[in-house]
Amino acid sequence: MIIVRSHLDELGYCARGARRWFASMGLDWADFVMRGIDAEILLATGDAMAMRLVEHVREKYGKQ
(Lines give C-alpha, C1' and ligand atoms only; values in the text may rest on other atoms or scores of the structure.)
Protein backbone atom coordinates (compact mmCIF):
# COMPACT_ATOMS: atom_id res chain seq x y z
CA MET A 1 0.00 0.00 0.00
CA ILE A 2 1.34 3.41 -0.97
CA ILE A 3 0.95 6.39 1.35
CA VAL A 4 0.80 9.74 -0.44
CA ARG A 5 1.15 13.38 0.59
CA SER A 6 -2.60 14.02 0.76
CA HIS A 7 -2.93 11.32 3.43
CA LEU A 8 -0.83 13.50 5.74
CA ASP A 9 -3.28 16.36 5.28
CA GLU A 10 -6.20 14.13 6.22
CA LEU A 11 -4.73 13.73 9.70
CA GLY A 12 -3.60 17.33 9.99
CA TYR A 13 0.10 16.48 9.78
CA CYS A 14 1.99 19.59 8.67
CA ALA A 15 4.41 19.45 5.76
CA ARG A 16 7.17 21.25 7.65
CA GLY A 17 7.15 18.74 10.49
CA ALA A 18 6.78 15.80 8.13
CA ARG A 19 9.73 17.01 6.05
CA ARG A 20 11.90 17.17 9.18
CA TRP A 21 10.68 13.75 10.27
CA PHE A 22 11.54 12.24 6.88
CA ALA A 23 15.05 13.72 7.12
CA SER A 24 15.52 12.36 10.65
CA MET A 25 14.55 8.89 9.42
CA GLY A 26 16.83 9.09 6.38
CA LEU A 27 13.85 9.10 4.00
CA ASP A 28 13.60 11.20 0.84
CA TRP A 29 10.86 13.82 1.21
CA ALA A 30 10.94 14.90 -2.46
CA ASP A 31 10.56 11.31 -3.63
CA PHE A 32 7.66 10.85 -1.21
CA VAL A 33 5.89 13.93 -2.54
CA MET A 34 6.32 12.75 -6.13
CA ARG A 35 5.67 9.01 -5.74
CA GLY A 36 4.46 8.25 -2.24
CA ILE A 37 6.03 5.68 0.06
CA ASP A 38 5.26 2.08 0.86
CA ALA A 39 3.41 1.72 4.15
CA GLU A 40 5.83 -0.99 5.26
CA ILE A 41 8.70 1.52 5.22
CA LEU A 42 6.75 3.83 7.51
CA LEU A 43 5.77 0.98 9.82
CA ALA A 44 9.40 -0.15 10.03
CA THR A 45 10.31 3.17 11.67
CA GLY A 46 8.31 2.19 14.74
CA ASP A 47 7.08 5.76 15.03
CA ALA A 48 3.61 6.15 16.57
CA MET A 49 2.54 8.91 14.17
CA ALA A 50 3.66 6.87 11.16
CA MET A 51 1.70 3.89 12.43
CA ARG A 52 -1.36 6.07 12.98
CA LEU A 53 -1.07 7.35 9.41
CA VAL A 54 -0.90 3.86 7.94
CA GLU A 55 -3.82 2.69 10.06
CA HIS A 56 -5.86 5.72 8.97
CA VAL A 57 -5.29 4.91 5.29
CA ARG A 58 -6.16 1.26 5.84
CA GLU A 59 -9.41 2.14 7.60
CA LYS A 60 -10.46 4.92 5.24
CA TYR A 61 -9.56 3.25 1.96
CA GLY A 62 -9.81 -0.41 2.93
CA LYS A 63 -6.27 -1.13 1.83
CA GLN A 64 -4.07 -3.84 3.26
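The largest pocket is lined by Leu8, Tyr13, Cys14, Gly17, Ala18, Trp21, Phe22, Leu42, Asp47, Met49, Ala50 and Leu53. Two elements, helix 2 and helix 5, each give two or more residues to this lining. Helix 2 gives the most, with four residues. By type, the lining residues divide into ten nonpolar, one polar and one charged. The volume of the pocket is about 190 Å³. The model described here is predicted.

Helix 2 has a buried side and an exposed side. Its buried residues are Ala18, Trp21 and Phe22. Seen down the helix axis, these residues fall within an arc of 100 degrees, so they line one face of helix 2. The face turned away from them carries the exposed residues Arg16, Arg20, Ala23 and Ser24. The cover over the buried residues of helix 2 includes helix 1, helix 3, strand 2, helix 4 and helix 5. Just after helix 2, Gly26 takes a positive phi of about 75 degrees.

The largest nonpolar core has 16 residues, and Ile3, Leu8, Phe32, Leu42 and Leu53 touch the most other members.

| Element | Residue range |
|---|---|
| Helix 2 | 15-24 |
| Helix 3 | 29-35 |
| Helix 4 | 39-44 |
| Helix 5 | 48-61 |

Helix 5 gives the most to the core, with four residues. Leaving aside neighbours within four places in sequence, Ile3 is in contact with Phe32, Gly36, Ile37, Ala39, Leu42, Leu53, Val54 and Val57. In soluble globular proteins, nonpolar side chains tend to be buried together.

Terms used: Residues numbered from 1 in each chain as written. Predicted model: local features only at pLDDT ≥ 70, side-chain atom pairs only at ≥ 80, totals over all residues. Heavy atoms only, no water. Core = buried A, V, L, I, M, F, W, Y, C linked by side-chain atoms within 4.5 Å. Buried < 20%, exposed > 50% of the residue type's maximum accessible area, 1.4 Å probe, protein only. Contact = heavy atoms within 4.5 Å. Arc of directions from axis to C-beta. 1 Å grid on protein atoms, 1.4 Å probe; cavity = no way out; pocket = protein on both sides within 12 Å on 5 of 7 lines; lining within 4 Å. Points joined across faces, edges and corners; volume = space filled by probe spheres on them. Nonpolar A, V, L, I, M, F, W, Y, C, P; charged D, E, K, R; others polar.
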